[in-house]
Amino acid sequence: MIFRAVNPATGVALHEFPPLTTSERAALIERVHRQQQQWRHTTHAQRTPFVAALGVALHAHREALAEWLSLEMGKPIVAARAEVDKCVSLCAQAPALAQVALADDVLLQDDVSDVRIQYAPLGSVLAIMPWNFPYWQALRFAVPTLLAGNGVLIKPAGSVPGGARLLDACFTEARATARAADSSMPDAPCHMAFIEVDALDGVVADDRIAGVTLTGSDRAGRHVASVAGQHLKKVVLELGGSDPFIVLPDADIALAAAQAVAARTVNSGQSCIAAKRFIVCDAVYDEFLELFVSGMRALRVGDPRDEATQIGPIATESVRDGLAKQVTDSIAAGARALVGGSTEGLAGFFYPPTVLVDIPDDAPASREELFGPVASVFRVADVDAAIAKANDTPFGLGASVWTRDHGLATKCIEAIDAGMVFVNEMVVSDPRYPFGGVKQSGMGRELGPLGFREFTNPKAVRRARLPERPL
């Protein structure tokens, strides 16, 4: 597999890079393994300078990193800068969060014994990363995993090699900065790994790899989980989502509609936690729909390097074509497009902001994840029907509930099958909170206390208290 980038705004090929050869791949795995064997014995205070230096390097290369995002996957430049800034913020916040999350859990202390859980490094971890947030998704895995004492190999998506190479250069720069400050410190075991897809199973099976994480489709997740299971390797999967956005009758409708537009079109709709199914109670359906459609219609679609652009192109031609087919098939099944719904007259890999209504239960827009700026809107009778519709999906990543009633909010929180439920806010990822889902949205967690501990050995330790020896 060649790592090949195409400008999605124009369809013009940009550049391509070959994957690592067999010998280069073996040497990189060995390098990370040897570095991790030293890194695991460092203290939290000794690991922190690399993370701090990484934040400085990312900030220094902010514009170049953002430009790669716009060029290779079509992210609007304002959003591209925001992704880099979020990575810088993670590097600033993570050391303090890790110190708390990775501290010993003391279970018992008395005159007889001291019992606690220590979170020991697991080893080196392979991360198979996506194209939609190439920096943020890589670093929200890598930074906590490194601070826990592990090694990191990051396999980037094949369509964003330029940005991946610059990110790897930031790792190198951060290692040099940390080493200059303390020459006795081992190098941080953190590297981009340009590994072809066909070679990944062998990397997962390698005895020097202790675990694997993947962000991608449920199909890819099943395969990686199967291979990891055969070799008894720890696995974390962050897969798809078809997140519900529930609007109850007592909600602030103007606020909910405005946030619904933002929640559906984050990253031009190419986000696993973007709201995708808008479930609106009958009493406020017409009011919400009018505001929502107006907001979607007003979005500016265009050149991702134009600072006024709000919606860029879909990242690849195949993803755009798949999205177009889902919409076309849904309309053929009986759904109606109130805005958008066609790529006619659009160059590049653009897809217009689209709102679908009257969607049959068996249509793709009802059952599948739509990865782009396409919203599915459903009318329901009441809160019970809203919850039932929210759970009527094979996915269970995030959910957003809009209501002023604390009791109704609590009812929804307890009944919705999702890894994350936000009330009167759109779902976001934040270093302080665990991120992940249930059902076909995956397993395990990133970020938050649980994310810092995912690739650790929770080692139970009991120390018996012996009588003091007489002098």
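Mentor: Let's start in a sheet: Val 125 stands opposite Gly 211, which belongs to strand 8. Keep in mind that this is a predicted model.

Trainee: How do you know that strand 5 and strand 8 pair?

Mentor: Pairing takes at least two bridges. Strand 5 (residues 124-128) and strand 8 have five bridges between them, in the parallel sense, so they count as paired.

Trainee: And which strand is joined to strand 8 by five bridges and runs parallel to it?

Mentor: That is strand 9 (residues 234-238). Val 212, for instance, has Val 235 of strand 9 as its bridge partner. Between strand 8 and strand 9 the chain passes through helix 8 (residues 218-230), and this β-α-β crossover is right-handed.

Trainee: What makes strand 8 largely enclosed by the rest of the structure?

Mentor: Strand 8 covers residues 209-215, and six of its seven residues are buried, so the rest of the structure largely encloses it.

Trainee: Why is Ser 70 called buried?

Mentor: The cut-off for buried is under 20% relative accessible area. Ser 70 has 1%, so it is buried. Its place is in helix 3 (residues 62-73).

Trainee: What makes the pair formed by the side chain of Ser 70 and the backbone oxygen of Lys 75 a polar contact?

Mentor: The limit is 3.5 Å between N or O atoms. A polar atom of the Ser 70 side chain lies 2.6 Å from the backbone oxygen of Lys 75, so the distance is within that limit. Beyond its neighbours within four places in sequence, Ser 70 is in contact with residues including Pro 304 and Arg 305.

Trainee: Why are strand 3 and strand 20 said to stand at the edges?

Mentor: Their sheet is open, with three strands in the order 3-4-20 and antiparallel pairing. Strand 3 (105-109) and strand 20 (456-464) each have a single partner strand, so one side of each has no neighbour in the sheet.

Trainee: How do you know that strand 4 and strand 20 pair?

Mentor: Nine bridges link strand 4 (residues 113-121) to strand 20 in the antiparallel sense, and at least two are required, so the two strands pair.

Trainee: Last one: which residues touch the most other members of the largest nonpolar core?

Mentor: Among them are Phe 50, Leu 54 and Val 143, in a core of 85 residues. Helix 4 (residues 77-101) gives the most to this core, with nine residues.

Key. Residues numbered from 1 in each chain as written. Predicted model: local features only at pLDDT ≥ 70, side-chain atom pairs only at ≥ 80, totals over all residues. Heavy atoms only, no water. Helix = DSSP H or I, 4+ residues; strand = E, 2+ residues; numbered from the N terminus. Buried < 20%, exposed > 50% of the residue type's maximum accessible area, 1.4 Å probe, protein only. Polar contact = N/O pair within 3.5 Å; in protein donor to acceptor, adjacent residues only side chain to side chain. Contact = heavy atoms within 4.5 Å. Right-handed = clockwise from strand over helix to strand, strands pointing away. Core = buried A, V, L, I, M, F, W, Y, C linked by side-chain atoms within 4.5 Å.
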